[in-house]
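The following exercises concern a protein whose sequence and structure are displayed below. Please work through each task before reading its solution.

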Amino acid sequence: MVRAYVLLAWTWLRASAQYPASLVLLTLGSFVINGLDIAAIWVIFAHTRTLAGFTLPEVMFLYGTAGVSFALADLLFGNVERLSQHIRAGTFDTMLIRPVSPFVQMAADRFGLHRLGRVAQAVAVLAIALAQLAVPGSRAWMIPLMILCGTAIFAAVFALGGALQFLLTDAPEVANAFTYGGSQLTQYPLSVYGEQLVRGVTFVLPLAFVNWQPSLYVLDRDDPLGLPGWLRFASPVAALVLGGAAALAWRAGLRRYRSTGS
């Protein structure tokens, strides 16, 4: 499946490379537009020294880790959210008769290198935050692991959103509430939200394991809600469980699919 994904993505990359100026402008535009999020954080800290007890570099660290994870998941799997368009147009049927997984085809569909602008912006913010925090090596090992697990968690959320569209073809907005909404949620300390919401994104839809729980370990902070300390190391488990649930949901959606009827 990896080879098929790479070949399909390469095909779309070659197509987009035919218009280099457009590709460059779209990439720069993505970088600048997403930079507005960090500008909003700076505006907040222009009026306060801490946000829920977290300093500006610490919030930038949360933003950067969540941003890199989401940007990578969006780059690699974000096109799955366009499933309803293919279902309505009947083009999803053609994916079912090809000797390649429909999920792989959907993920690679219209693969856009311009999304690297979002990745670059998040990486830049994370690098600035790490330069100011000086995280010790004994804790820094968690950073690449949390980004990997965060990417897997967001990819699973994209897959769950796509699976939902087998039932509700007008569900992209619902799915976006969990994908893009989840990205916005994890950019800030979860302690700014209500306790019930935090428990929901910890034990129901485990977005807290994208960066919040592992960040408490990296930043050597106590959990403001007093949740167990072992949760800081549970991101791989959360990614595996959510990924398994997403795979089952996708397969169930495929079994229920009955074409457009046209």
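A residue is called buried under 20% relative accessible area, exposed over 50%, and partly exposed in between, with a 1.4 Å probe and protein chains only. The model is predicted, so local features need pLDDT of at least 70 and side-chain atom pairs count only at pLDDT 80 or more, while totals for chains, interfaces and linings use all residues. Residues are numbered from 1 along each chain as its sequence is written, and side-chain values use heavy atoms, with hydrogens and water left out.

**Exercise 1. Classify Val-241 by accessibility and locate it in the fold.**

Step 1. Val-241 has a relative accessible area of 55%, so this residue is exposed.
Step 2. Val-241 is found in helix 13; helices are DSSP runs of H or I with at least four residues, strands are runs of E with at least two, and both are numbered from the N terminus.
Step 3. The C-alpha atom of Val-241 is separated by 9.3 Å from that of Ile-153, a residue 88 positions away along the chain.

**Exercise 2. Describe the overall architecture and dimensions of the protein.**

Step 1. The protein contains 13 helices and zero strands.
Step 2. The C-alpha trace spans about 60 × 45 × 30 Å along its principal axes.
Step 3. A compact globule of 262 residues would have a radius of gyration near 18 Å, and the value of 19 Å for the protein agrees with this. The radius is taken over C-alpha atoms, and the globule rule is 2.2 Å times the number of residues to the power 0.38.
Step 4. Of the 262 residues, 48% are buried.
Step 5. Contact means heavy atoms within 4.5 Å. Among contacts with a separation of 6 or more, 78% join residues 24 or more positions apart.

**Exercise 3. Determine how many salt bridges the structure holds and examine the one between Asp-109 and Arg-82.**

Step 1. A salt bridge requires a side-chain nitrogen of Lys or Arg within 4 Å of a carboxyl oxygen of Asp or Glu. The structure holds four of them.
Step 2. In the salt bridge between Asp-109 and Arg-82, the N to O distance is 2.5 Å.
Step 3. This pair links distant parts of the chain, 27 residues apart: Asp-109 lies in the loop between helix 6 (102-108) and helix 7 (116-133), and Arg-82 in the loop between helix 3 (56-77) and helix 4 (83-89).
Step 4. Both Asp-109 and Arg-82 are buried.

**Exercise 4. Is Gln-187 buried or exposed, and which residues does Gln-187 contact beyond its neighbours within four places in sequence?**

Step 1. Gln-187 is found in the loop between helix 10 (172-185) and helix 11.
Step 2. Its relative accessibility is 2%, so Gln-187 counts as buried.
Step 3. Leaving aside neighbours within four places in sequence, Gln-187 is in contact with Asp-37, Val-59, Leu-62, Tyr-63 and Ala-66.
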